[in-house]
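Please open the structure in your viewer and keep the selection tool at hand. We will go from one stop to the next, selecting residues and looking at what is there.

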Amino acid sequence: MNFNDYKYERVEIEPVKKQFHELIEKFKNSSTVDGQCKYMNEIISLRNHIDTMTTLVSIRHSIDTTDKFYDEENEYCDEINPILFGFVTDFYKALTTSKFRAELEKKYGKFLFNLAECSLKTFNENIIPDLQEENKLSSKYDKLIASAKILFDGEERNLSQMVPYTQSKDRNIRKNAAKKVAEFFAENRDEFDNIYDSLVKVRTEIAKKLGFKNFVELAYARLSRLEYNPEMVASYRKQVYDNIVPLHSELRNRQAKRLGLDKLNFYDEPIKFNSGNANPHGEPEWILNHGKTMYHELSKETDEFFTFMTENNLLDLLSKKGKMSGGYCTYIPNYKSPFIFANFNGTAHDVDVLTHEAGHAFQVYESRKYEIPEYLWPSYEACEIHSMSMEFLTWPWMNLFFENDTDKYKFIHLSEALLFIPYGVTVDEFQHWVYENPEVTPEERRKKWIETEKKYLPTRNYGEIEELKEGIFWFRQGHIFGSPFYYIDYTLAQVCAFQFWIKSRENREKAWEKYLHLCRLGGSKPFLELLKEVDLKNPFIDGTIASIIPEIRKFLDNIDDMKL
């Protein structure tokens, strides 16, 4: 069934409230475990219907933020989602106090109950108005980002459409493009500051109402981080500082040498070679057709998956006016359909979408077998293993897209994956400081960003882009606004993806079997247990990062990048 034919109907609160209440009461009053399982299935069916409708709104709103109908429905969902979460919380209370808990744990696994108990800590009815405000502020940020209208090269462009210009071989073009993008954020500085300041305040208020010391503790609970804490994350960031930051500086200096520059400025960072970056050698339809070939040849599982995605119009890839920026993968339960959203812009990013977001989509496609919604996806840091590892597992097919620039692409891809990690921990350390000091001013936050950036990205130099010297670069990082603390997850997953890259170079078939097994486990286990299942080293253990650096360095050093 084509995505365009997926039917949307508004979720009306009162009937849904009545249904939840009746089903939960029947669940609690069941005299047998089979009876509880029956009503649990009906509750799951109701949850799937609700998730399907709210997800359709989210997708269609992000495709066109100017669509009046879905804009209003999105605002409506911002209002009702906290109330709906309250209904799920009521179910969790009944589930965790069930007289048949032992039997239910045997059937569904103990991890479901651990997740439910963790979730119960993050909600009570008193915070519904605060959650509604949090949702509204996040949507306000998304609309502000989507509103960018930058006049450049004779046309009005959004942020995604500016990316190719920021990667131009012509230094003046990329400098001017970077400045124009920075000017958008500078011109809207007060609005970005106000949105974020309001988010910090409302999140801190929610945390206090729930009995947490600060929002950091609540954020970890929201993200179902059951196995690790902020202290372990701080120790992990130190591993990054000790092992990757020095190599990060080496790679930036190597880049400056390739470009023939005495000093690498911020606007030079996106261009890797004077001959230009490795961009795909065709238009979007050409890229998609090669994607079909790639997934057909990779495995029978990926062939089935990608055929399903393309035949049912479950990819929205082209950048256009009014479309939200960025990319994501989501899942529509009643149609058992993953959905990929992206903004193609003629750069390697277009191919990365077909590997990164398709990695997410493939995982949830493979874990659709789970009856309960909690096991469809793992927590974020595990989710990102699927996406980042798929980027590497598809390397043998990169010649389809990049042809004679394939070596250039691989060099850029591997080095950029490593270069990303210090930026990722910059975002994380910044967020910890923000929510540990919620009373600071927006100006103090911007100064802290600059300070943290200098620690992990010592070579970054904004040059003539004066606007960015005011500490506003982080405004463009949507996760900071909409998904607080969901960013260190990318770096943890990258460390795991590097391990899959190493394994695939040693034994490709065995690496794929491990990857497929990881995808099929879905969210049935917590992060560290998933790693054990597929023989991946724990990133939190000192020495893990140091163990992967030699193989990466060896690959990069064996490429004569001066000739690419």
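Our tour begins at the second largest cavity, which has a volume of about 50 Å³. A cavity is found on a 1 Å grid over the protein atoms alone, as a set of points where a 1.4 Å probe fits but cannot get out, and its volume is the space filled by probe spheres set on points that are joined across faces, edges and corners. Counted in this way, there are four cavities of 30 Å³ or more. Please bear in mind that this is a predicted model, in which local features need pLDDT of at least 70 and side-chain atom pairs count only at pLDDT 80 or more, while totals for chains, interfaces and linings use all residues. Residues are numbered from 1 along each chain as its sequence is written, and side-chain values use heavy atoms, with hydrogens and water left out.

Now select the lining of this cavity, whose residues have an atom within 4 Å of a point: Leu-251, Gln-255, Arg-258, Lys-272, Phe-411, Ile-412, Ser-415, Glu-416 and Leu-419. They divide into four nonpolar, two polar and three charged, where Ala, Val, Leu, Ile, Met, Phe, Trp, Tyr, Cys and Pro count as nonpolar, Asp, Glu, Lys and Arg as charged, and the others, Gly among them, as polar.

Which elements give two or more residues to this lining? They are α12 and α18, and α18 gives the most, with five residues. Helices here are DSSP runs (H or I, at least four residues), numbered from the N terminus.

Next, select helix α12 (residues 245-259) together with helix α18 (residues 406-436), which pack at an angle of about 135° with their axes 9 Å apart. Axes are lines fitted to C-alpha atoms, for helices over the stretch in contact, and angles run from 0 to 180 degrees between N-to-C directions. The two helices α12 and α18 are therefore oblique to each other, since angles under 35 degrees count as roughly parallel, over 145 as roughly antiparallel, 65 to 115 as roughly perpendicular and the rest as oblique. Show the side chains that make the contact (heavy atoms within 4.5 Å), among them Val-245, His-248 and Arg-252 of α12 and Leu-418 and Pro-422 of α18. The residues of this contact divide into seven nonpolar, two polar and four charged.

For the last stop, select helix α3 (residues 68-96) and helix α5 (residues 110-120), which pack at about 125° with their axes 9 Å apart; this makes α3 oblique to α5.

Definitions and conventions: On a 1 Å grid over the protein atoms alone, a cavity is a set of points where a 1.4 Å probe fits but cannot get out, and a pocket is an open set with protein on both sides within 12 Å along at least five of seven lines; lining residues have an atom within 4 Å of a point.
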